[in-house]
Amino acid sequence: MAAETVLVPVSDSVTIRQTIAYAVSELADGDRSSELHLVVAVPYDAAVPEGEKAVSELEDVLTRATLWATEDVGTAADISVETATIGTEEYLFGPRDYADRFAAYAEANDVDRLILDPEYHPGGTVPLLQPLERELTDVGLATETAPVERAATHGRLVGKATFDRVFALFWISYGFYLILGDPTYWFDLVTGAAVAGIVSLTLAQITFSTPPHRVHSPLRVVRFSLYIPYLIYEIVKANVLISAVILRPSMPIEPRLTRVNARVRSGLPLLALANSITLTPGTLTVRANDQRLLVHTLIPDAREDLFEGRLERAVRFVFYGRRAARIATPRERGDTEIVGGDHR
C-alpha cells in the first residue's frame with residue numbers, strides 16, 4: 001500500500017506548533033506508513049540581500065518545526081519527516097504564486113493533501129489563509145485547515161517605546177520643526193528641541209510599525225537624499241517627453257494599462273515606488289497590491305522606462321543598498337504585461 005503523504009507549509013506563526021501536532025495525529029490514525037513534508041516558501045530571490053535574510057530566518061523556523069514533528073512522532077508511528085525549501089530562485093508575489101509552487105511540490109512528491117496553518121504568513125505579517133485557500137482549490141490541491149485553538153489576532157497600535165524609536169522620532173520631529181522655522185534663530189532651536197522631546201516621548205510607541213535600525217535607518221536616509229535628485233531628473237525628463245507629444249499636431253499618444261511585478265517588499269518600499277511612478281508624468285499607478293503594480297502609461301517612452309525598471313532599481317538602492325540595485329529589468333525577468341488598450 002502506498003504511503004500517505006501530507007504537506008504542511010511552515011511559517012513563524014503562533015499556531016504552527018499545533019498545526020504540526022494535528023498533522024502528525026492525522027497520519028498516526030492511518031493504517032499505513034506515512035510521510036510528513038514540512039516546507040518553507042521563501043518570498044524573495046535568495047540571490048539578493050533580503051532573500052538571504054529570509055532564507056536564514058525560515059531555515060531556523062524549519063529546524064524548530066522538524067524537532068517538534070520528530071518529538072510528536074516518537075517511535076510509535078511509522079511516519080517519516082521530510083523537509084524542503086522552495087522559492088529560492090524566484091519571487092513569490094502573492095497567494096497564487098504560493099499555491100502554484102505548493103502544487104508543483106505536491107505533484108513531484110505524490111502529496112495526498114495539504115494541511116494549512118490558519119495563521120500561515122510567509123515573509124510578512126498578514127495571514128494568507130483565505131486567499132491562499134481559494135488559490136489552492138483552484139490549482140486542484142486537496143487542502144485542509146488545521147482545527148487548532150487560537151486567540152483572536154488584532155494588529156497592535158501600541159508598541160514598545162525603545163531608545164531607538166524615541167531617538168529616531170526626536171530627530172525627525174526636530175528636523176521638521178527647523179525646516180518650518182528658522183534654524184539660525186536660538187528661540188526656534190530651543191522650542192524645537194522641546195517640541196521634539198514631547199513628540200518623541202508621547203508618540204514613539206505608535207509611530208513606527210517596525211523599530212528603526214541604528215545602522216540601516218541612517219544609511220537609508222542618506223541614500224534617500226541621493227534618490228531625490230534622481231527622481232527630480234526623471235520627472236523633468238518625463239515632462240519634456242510629454243510636452244513634445246502634446247505639441248505635435250498628431251499627438252501620438254498610446255494609452256495602455258500595464259502590469260509590473262516589482263521586486264520590492266510590500267509596505268514602505270512598494271509605496272515609495274508606486275508614488276514615484278505616479279509623480280513621473282506619463283505614468284499613473286492605478287493599484288499596488290502584493291508587489292504587483294497596475295500602471296497606466298500614456299506614451300511608449302513612459303512605458304519603456306517603466307519596463308526598464310529604473311525607478312525600481314533606485315528604490316531598491318534606497319531601502320536595500322547598492323548591491324540590491326543590481327537586478328535584471330522587469331522586461332528581462334518577464335515581469336511585465338500589457339493588460340489594457342490596443343497592444344497588437
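I began at Val-6, which stands opposite Arg-113 in β4; strands here are DSSP runs of E of at least two residues, and helices are runs of H or I of at least four, both numbered from the N terminus. I noted that this is a predicted model, in which local features need pLDDT of at least 70 and side-chain atom pairs count only at pLDDT 80 or more, while totals for chains, interfaces and linings use all residues. Residues are numbered from 1 along each chain as its sequence is written, and side-chain values use heavy atoms, with hydrogens and water left out.

**The sheet**

I next looked up how β1 and β4 are joined, and found 2 bridges between strand β1 (residues 4-9) and strand β4 (residues 113-116), which run parallel; two strands count as paired if DSSP finds at least two bridges between them. The open sheet has 5 strands in the order β3-β2-β1-β4-β5, with parallel pairing. Its edge strands are β3 (79-86) and β5 (143-145), each of which pairs on one side only. Neighbouring strands of this sheet are turned by 25° against each other on average, direction ignored; axes are lines fitted to C-alpha atoms, for helices over the stretch in contact, and angles run from 0 to 180 degrees between N-to-C directions.

I then asked which strands helix α3 lies across. Helix α3 (residues 95-108) lies across β1, β2 (34-41), β3 and β4, and runs at about 150° to β2, where contact means heavy atoms within 4.5 Å.

**Helix α6**

I turned to helix α6 (residues 186-207), where Leu-189 has its place. Leu-189 counts as partly exposed because its relative accessibility is 32%; buried means under 20% relative accessible area, exposed over 50%, and partly exposed in between, with a 1.4 Å probe and protein chains only. Leu-189 also belongs to a nonpolar surface patch with Tyr-185, Trp-186, Phe-187 and Val-190, together about 520 Å² of accessible area.

Ala-193 is in helix α6 too, and I recorded it as partly exposed because its relative accessibility is 28%. Leaving aside neighbours within four places in sequence, Ala-193 is in contact with Phe-170 and Tyr-174. Ala-193 and Phe-170 are 23 residues apart in sequence and 8.1 Å apart in space, C-alpha to C-alpha.

My last entry concerns Thr-207, which lies in helix α6 and is partly exposed at 39% relative accessibility. The C-alpha atoms of Thr-207 and Val-166 are separated by 9.6 Å, although the two residues are 41 residues apart along the chain.

Technical notes:
Patch = residues over 30% accessible without salt bridge, like charges linked within 9 Å, V, L, I, M, F, W, Y side chains within 5 Å. Areas by Shrake-Rupley, 256 points an atom, 1.4 Å probe, with all protein chains shown as cover. Salt bridge = Lys/Arg side-chain N within 4 Å of Asp/Glu carboxyl O.
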